[in-house]
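Thanks for coming. I will go through one model today, starting with a sheet and ending with a few single residues. Please keep the structure open while I talk.

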There are 2 protein chains.
Amino acid sequence: MLVSALLTSLGINFGLCVLFFTLYSILRKQPFYYDVYVPRLLVEGTSKRRSRFNLERLIPSPGWVRKAWKLSEEELLSLSGLDAVVYMRIITFSLKVFLVAGIIGIFVILPVNCTGDQLEDIDFSDFSNNSLDVFTISNISSGSKRLWVHFSAVYVVTIFIWYLLYYEYKYISSKRIAYFYSSKPQPHQFTVVVRSIPVSVRSSISDSIETFFKEYHPSTYLSHTVVHRTNKLRGLIKLYKRIVRLQGNSTEHKYGRAGCFGLFGHKVDLVDHYEKKLENIEENVRLEQSELSLAGDEIPAAFVSFKTRYGAATAFHLQQSINPTHWVTEQAPEPHDVYWPFFTSTFFRRWISKLVVIVACILLTILFLLPVIFVQGLTNLSQLEVWLPFLESILTITFVSEVVTGYLPSLILQLFLKAVPPIMELLSSIQGYVSHSDIEKSACNKVLWFTIWNIFFATVFSGSVLYQLSLILDPKNIPARLAVAVPAQASFFIAYVVTSGWTSTSSELFRLIPLIGSLITKPCKSTDDELVVPTIPFHRDIPRLSFFGLLGITYFFLAPLILPFLLVYFCLAYIIYRNQFINVYEPKFETAGKFWPIVHNSMIFSLVLMHCIAVGIFTLKKVSLASTLIFPLPILTLLFNEYCRKRFRPIFIAYSAESLIKKDREDQNDATMDEFFHKLVTAYQDPALMPIQFSTNTDSLHSPLIYSDEV
Amino acid sequence: MLVSALLTSLGINFGLCVLFFTLYSILRKQPFYYDVYVPRLLVEGTSKRRSRFNLERLIPSPGWVRKAWKLSEEELLSLSGLDAVVYMRIITFSLKVFLVAGIIGIFVILPVNCTGDQLEDIDFSDFSNNSLDVFTISNISSGSKRLWVHFSAVYVVTIFIWYLLYYEYKYISSKRIAYFYSSKPQPHQFTVVVRSIPVSVRSSISDSIETFFKEYHPSTYLSHTVVHRTNKLRGLIKLYKRIVRLQGNSTEHKYGRAGCFGLFGHKVDLVDHYEKKLENIEENVRLEQSELSLAGDEIPAAFVSFKTRYGAATAFHLQQSINPTHWVTEQAPEPHDVYWPFFTSTFFRRWISKLVVIVACILLTILFLLPVIFVQGLTNLSQLEVWLPFLESILTITFVSEVVTGYLPSLILQLFLKAVPPIMELLSSIQGYVSHSDIEKSACNKVLWFTIWNIFFATVFSGSVLYQLSLILDPKNIPARLAVAVPAQASFFIAYVVTSGWTSTSSELFRLIPLIGSLITKPCKSTDDELVVPTIPFHRDIPRLSFFGLLGITYFFLAPLILPFLLVYFCLAYIIYRNQFINVYEPKFETAGKFWPIVHNSMIFSLVLMHCIAVGIFTLKKVSLASTLIFPLPILTLLFNEYCRKRFRPIFIAYSAESLIKKDREDQNDATMDEFFHKLVTAYQDPALMPIQFSTNTDSLHSPLIYSDEV
């Protein structure tokens, strides 16, 4: 790729970013778009839809940047919870890493690369016609003493990243413990999920649970809630709600404002029709609910609550039954975090579904290589001309060819990638996790490894599945092959950072897709419809940040030109995500930092990969002493990781006896605990079994709550 | 190798076995050898050294075989504990496997192999000159339909082994639980080992422990014993004991019978000399002990005892401190099972020593290849003649060449292998385990993998470290290379089974080395010396059994001729080890079956290895459909293993809450528990700190026990 192609790509994306920023600065002040740009504030009531018009609203203002910048970590913690803090710390961590790596890269390595004599000299008179390879390590001739500069840089940056990783793990651990200490009593702290409860003929599941826990945890057992199979009921309630909404709309049209299309007489019929249907469904729902409450479709799984956190932890940590596959306990999620639909129950079924999901992931990874191969074809113009000869005439136009090689490949890739996080989330959800947070964590991991495999390796090794497989089966050649292939793709990844990174963050700010969605659906929505505040899709964004981290770490000494672009990306992300946490996203659950270990692992992987490439490069460039001296680095990195795993990992799995008992003691003198325990008994009721407000209000003595979230 | 060479080896070993059996049958009846052949009965007092002579004593009688045969599992359990039962079940498990595999192998596969047409036909007139390869799969020509017989055999035997493995794991699990239910209260059930106790300047370690556990386990905490650094004291006590013994001998010589060498006057001086020295040491020991009791060299590690088993289990399962590397708990071993010398304490030091041991094991494995290469040279006579040309004349003698190729190689190998278990035990002991049983378990694993690697793979791939390494680094060619190399070594391994297997078991019966040792030391020993009953070295014998299992499973369809020899081996082992459990070995510790998972894993490995070889063989023989159809087998085997790991493995790690609480409840009504708790407080006292009986008995108010075992 030539400098000019990079500049074109840069120009397009810079333009897009400026456009998005400007539009955002204007649109966010328009009350019409409040539900897109400040839904959180709207729901919280801090922003009201002001309809008063003034000119200021049309002038883009950067006030939001200042506000986002000034947000302190404590404020962020109270606003969006520890997960948001951890998310922002991933960004600041990357900023720190790439600031140091950037200084070394730009001021030390880049000049060394440029003054190399392997390729042609830089043509300063026609700068944009230089190949980008001039700025990479490829420009250094074999056996050159200059390679020791790269060698030292690898050592310095590795040690710096170790230090930062350790510090960050420690910091987030302490935050996690502090968060626990400062938390109010919460249902999930006192509860465990029990699965694979052995079914006996003589007694119901509920009775078995009561007998078991009263027998073995007499002093701490409080209550339990058996899970019911509510798929059918959930379907009914969904239908019911849709009809209620339709009826509401129709009634509005009937008595209120005129229908927008004037089909008046027809509407009246519809209303009658709905009312009849509603009565039918209400009857069904009521029947079903009462049946279920009477121990109908019980699933051998339950939420068991205890009187102390320590009691719950004991039940979680110890194997309960003689048969380890019975009475399997795990930590309960927060009540609103429970994922009811796939509450798969038996030990064996969960195991099988896990295997199925693994196979599905592998298949997806293999199938996804097809678009990647196509994208690869684009960066190679001459090959494209062979494939599609009729394009030859167009491709000779400089601008077109620059767009095609510089911008189009990563755009197409990115569009395909958009589909991956939802698919992975779906796969994780059928894997048998009981909570949204677990599903998201698992999906996060899946997306991360998918990205690394399908973007990094598939791009580097130009596609072919068989070639990649042959690589796994021939591990001793990995460094050599990496050394040849990785530097060759430097320009592609620089372009990738600019297109995928820059554009994705600025479109995150502009909320392009929600905006379009809102513009389409708004005319048909009634104003009474509840506004749903979105949650940040960690499983989409954390893998992206980690992947850019991987790119930066692996390329910093090969093609330091990537670093300024990465720094810009992380700076943008820093401001934009802070702004989004203030205005847009609301936390749906709180894992208290459980996403950090995923990022830590990905950083360790990046480091080891970088060392592998370094070994290969130094061997290829015939500085065998350097390649030998790199060897201790991956080993030390893995040992460092092992140490961190022992020192910090347990903190992210469960709280220690020390902290649990301390918290329990604090509560002993708390007068509100009785009330809390009273609520705890019903905290894990399936929302589908909650009474809903029926249209005929005569016989409903139930609470009028509608849990719309889960049904 | 020719049939005649095998027959020679067979003849030698059969002769040895008969000799050992006959000698054993005579010698075991001689009172002079009671301490070698029935030490256990001697110590228990069931056998007395009868000095009355009768002729019957000189006639070999097979009475012991009947006695060993009749021993029931319950009797064995009460005699030698669950570990011995598990050990015998490993043998019966192998017997079952190879009985079925043997029937298939000898009656189905062997005829098919023999009637193959790849090699020369069997020459029945000069049977002993046939090559053994005629009986192996090498004799089947490529693409032959007969290979489907082998294919079916692989499937049948694999499924049979799955069934047996599952059944056995289940049976041993149930035995383990039953053993726990029927056990009396034992100190280790109520105790945990706490390590990495944070040292504070203000309070002693003992105080910190008391404060911590009284704070966080107030209802269940009973007492604790801090570990002291007693290396110096242990040395002193050892010296003291030696001198006491020498003094005893001298005194005996002085006042009792005459000295055997008549150096009378010199002895008297010696006695005086010893008495002075003794006083000195006594003073030192007393000083050291009182110093240590006063919180001198405390190690930040302790045994903490609880009032209930459940309390101890809770402390073991839950992370105690906020920092996961502090207050690290693990299950306590039985008091007499504690390994005091290497009570390494800090988290970091243990971690480092573990790494060092891993490196040492790798080095040992690599260095060990040297003798293996030499042995390999012996099976190849022509190469030996090139190396050592002066041997040429001797090697032309048929018998010598048969001994050299058939017998010598595995004998040399076996002698070298003798050194491995003690070395591995030493390595395990510096790895930081707190109990002999853990050390032995770890050593067992090390020896097993060492054997598989250094005997199986090194023999199969003829030595070269680099070649083996290249194999790991090129995994896709493993099946193909195995398929070529494994059948070629069939005759070596048949000879190995006969020499190493048969001879080792019969010399186990004859106790060759203890016999020689006893003959040498007896003249100088006084009769008062305590007779030490040996314990069975599981880390030597279990890997051996597992390795023969691996040989049988991998070779049963390649060279079924190995199976009858294996069956004879396991039959011998069955009778001999039962006899040894009755007469010789006494259990030193009780892991309650924790050795089984090691055997299970090795069986799973053998199966997968066998499938790999089968894939390679069928590809090599151009029956690609068969090699494809084998593929599901290793996958299903690994899934089966995964299932067993979930279903049974937790039972072998810790007992469930259910069983712990049941046992605790039983004890509540037991009147003897008070006494037990009283004893429990001092159960984990370091034996070096126990008062010893001093020669000057005036001021010793202490108990006169001498714990000779540990010091």
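Two strands count as paired here if DSSP finds at least two bridges between them. Helices (H or I, at least four residues) and strands (E, at least two) are DSSP runs, numbered from the N terminus. By that rule, β1(A) and β4(A) are paired, antiparallel, over four bridges.

Some bookkeeping before I go on. The model is predicted: local features need pLDDT of at least 70, side-chain atom pairs count only at pLDDT 80 or more, and totals for chains, interfaces and linings use all residues. Residues are numbered from 1 along each chain as its sequence is written, and chains are lettered from A and ligands numbered from 1 in the order in which they are written.

Back to the sheet in chain A. Its four strands run in the order β2-β3-β1-β4, the sheet is open, and the pairing is antiparallel. At the edges sit β2 (221-228) and β4 (328-331) of chain A, each of which pairs on one side only. On average, neighbouring strands are turned by 30 degrees against each other, direction ignored. For angles, axes are lines fitted to C-alpha atoms, for helices over the stretch in contact; in general the angles run from 0 to 180 degrees between N-to-C directions.

Now the individual pairings. β2(A) is joined to β3 (residues 298-306) of chain A by six bridges, antiparallel. Within that region, A:S305 in β3(A) is the bridge partner of A:S223. Helix α7 (residues 205-216) of chain A packs on this sheet, touching β1 (191-195), β2 and β3 of chain A, and its direction makes about 155 degrees with that of β2(A). Touching, or contact, means that the C-beta atoms of two residues, placed from the backbone, lie within 7 Å.

The pairing of β1(A) with β3(A) is antiparallel, over four bridges.

Is β1(A) enclosed or open? Five of its five residues are buried, so β1(A) is largely enclosed by the rest of the structure. Buried means 20 or more other C-beta atoms within 10 Å of the residue's own, exposed means 12 or fewer, and partly exposed is in between, with C-beta atoms placed from the backbone. A:T191, A:V193 and A:R195 point one way from β1(A), while A:V192 and A:V194 point the other way. In a regular strand the side chains alternate between the two faces of the sheet.

Next, the two chains together. Chain B can be laid on chain A with an RMSD of 0.1 Å by a turn of 180 degrees and a shift of 0.0 Å along the axis. The two copies are thus related as by a two-fold rotation axis. The superposition is by least squares on the C-alpha atoms of residues with pLDDT of at least 70 in both copies.

As for the interface, 26 residues of chain B are in contact with 26 residues of chain A. On the chain B side, α10, α26 (632-647), α27 (649-653) and α28 each supply at least two residues. The largest share, four residues, comes from α28(B). By class, that side has 13 nonpolar, eight polar and five charged residues. Here Ala, Val, Leu, Ile, Met, Phe, Trp, Tyr, Cys and Pro count as nonpolar, Asp, Glu, Lys and Arg as charged, and the others, Gly among them, as polar. 100% of the interface residues of chain B are also interface residues in chain A, so the copies meet through the same surface.

Two of those helices also pack on each other. The axes of α10 (residues 309-317) and α28 (residues 657-668) of chain B come within 8 Å and cross at roughly 150 degrees. B:R309, B:Y310 and B:A313 of α10(B) meet residues of α28(B) including B:L660 and B:I661.

Last, some single residues. B:C17 is found in helix α1 (residues 3-27) of chain B and is buried, with 20 other C-beta atoms within 10 Å. B:C17 and B:T505 are 488 residues apart in sequence and 8.7 Å apart in space, C-alpha to C-alpha.

B:W327 has a positive phi of about 50 degrees although it is not a glycine. B:W327 lies in the loop between α10 and β4 (328-331) of chain B.
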